[in-house]
Amino acid sequence: FVIEQSGARFSQVRITSDERKKSDIRLYLRAKHGNNDGIQCYEYYLKGDKKKTRLVGLIAQEVQEVYPEVVKKDEDGVLTIDPYSLASINFVRITELKKEVEANQTAIQEDQSDIGDNRNAIRDIRKKQDDIDADLEAIMEKLGMKTRRITPREEKCFTEGRQDPEALELRDYQQEALDVVLQRNTICVMRTGAGKTLIAVRAIDQMRRAHPEKKVMFIVPTRALAEQQAKYCMEHMRIGNAKEINIGTLCGQNSGDFTAEDWKLCMETADVLVGTAEVFRQALVDKGHIRVSDFSLLIFDECHRASGGHAMAQICTDVLPRSRKDGNAPRVLGLTASFVVGASKGSSDLRIKKEQLEKLMNASMFVPKVPDPKGKLIIRKINYRATTAVPESLKPHLDKLEGLLVRTGIGRKTKNRLLQDAKKLICELGGTAFRFYWNVAMLKQLKDKAEGLLADLVDPKAAAKAHAILHDVDLLKKEIRHERKGSHIPDGYSNKLEELLAILKERERKVKGIVF
């Protein structure tokens, strides 16, 4: 150290830090990353120090490049560092760094606050998305909408322009019928089991490809058939480049009270609408919520029902003629195993009924030549002991069923029809079938009615009534389960059904058939 004294205090201290005075200079490990000014800290020993004491310090030449004003040269040309000047500079530098740290801390806090806000925003967005998904799911359920997306196998086949090996192939007579359908309005007459629905599905594929902006209407007579045909379409339609298909199942229970907005949403969402004739009749004829011109294909399943005041007939008479006049008529396809309803009085009567149906639907009848089914057809008459009255043991259960029907508030005619069906079922098939009818069919319908009452926000008595019905339904179910374990509802078949089953048991191998 070179110390100059002025009075009673040091006026100047200079540290000799010239690189030329040092040996074995090594970067000091604890400061090996340096600083922003490019000045490093080193360990070394001074030249001429026999003990070679390791020291730690700066190199004056490096400091001079950054802060030349704190480095001086003595009379021998040795560089020295003024520690007071360097300390002042470091003090200012530390103060600046402190401010930078404080600013960075503030920025970090603001960023953390922003992150918190963003997390809350993301949480809100996710909640809104969950709400939207729930609303969409509820809407899709209300619309009876189901979606099937294209599988990788289907997409690969479509991209390569080849037939999907797992898709159902049309037989020759089905292809012949499809070719006719694509040319003109057609009533396709084929026996049960010959594959009419597959022809309809391939017609849907072709019409969707030709008119992608339009929908397809599949009209059926019953709710059960609507669900069956919608499922078949879902499984066997070809998706193509659309990536997915949406099929709506519309029945009186879930769509009888559709508003114009509901139908608009349904038309925007669905590719194919499968529903009962009455639902479509109301939407097309009574309320005008949908237009037949928005459809490329109308399919009438069991079209032989289109007569008199049936909803199918009203669609044909009240809607289709106007669309033909406007030039926006869809293609019409009727499906039936027999175009005759009821008994026929002869060939002339058959011809008249055929012409009437063709005129009503503005379609030509086509009957492809369907090969006879494999195996020998057996027609056999049986004698059986008919049951004409309900057994006394079952009458109390019918009384309970009648009481429950009365409490639901259904009309007298409907109640009597349901009870008559139950009695007929007992006489025709026996106790096992009656239990099935009661437990699976009747109680399910009553439960559906109760749930419909619960959704009634207008009538304040509806909820109490619904809970009473559900309570009775639960009691009846428990009663049925109890009686399965041993009671007077007989498990068994009517004599008629036993005779029919005996015929099937006579066969040595498994057989397929329909028992009428």
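Analyst: Let us begin with a strand. Both faces of β10 are covered: K215, M217 and I219 on one side are buried, as are V216, F218 and V220 on the other. This is a predicted model, in which local features need pLDDT of at least 70, side-chain atom pairs count only at pLDDT 80 or more, and totals for chains, interfaces and linings use all residues. Residues are numbered from 1 along each chain as its sequence is written, and side-chain values use heavy atoms, with hydrogens and water left out.

User: Why are the residues of a strand divided between two sides?

Analyst: In a regular strand, side chains alternate between the two faces of the sheet. In strand β10 (residues 215-220), six of six residues are buried, where buried means under 20% relative accessible area, exposed over 50%, and partly exposed in between (1.4 Å probe, protein chains only).

User: Which strands are joined to β10 by five bridges?

Analyst: Two strands pair if DSSP finds at least two bridges between them. Five bridges join β10 to β13 (residues 295-301), in parallel, and K215 has F295 as its bridge partner in β13. Five bridges also join β10 to β12 (residues 272-276), again in parallel; there I219 stands opposite G275.

User: Is I426 buried or exposed?

Analyst: I426, in helix α14 (residues 412-429), counts as buried because its relative accessibility is 4%. Its C-alpha atom is separated by 9.4 Å from that of T388, 38 residues apart along the chain.

User: How is D114 classed?

Analyst: D114 lies in helix α2 (residues 83-142) and counts as partly exposed because its relative accessibility is 39%.

Conventions:
Helices (H or I, at least four residues) and strands (E, at least two) are DSSP runs, numbered from the N terminus.
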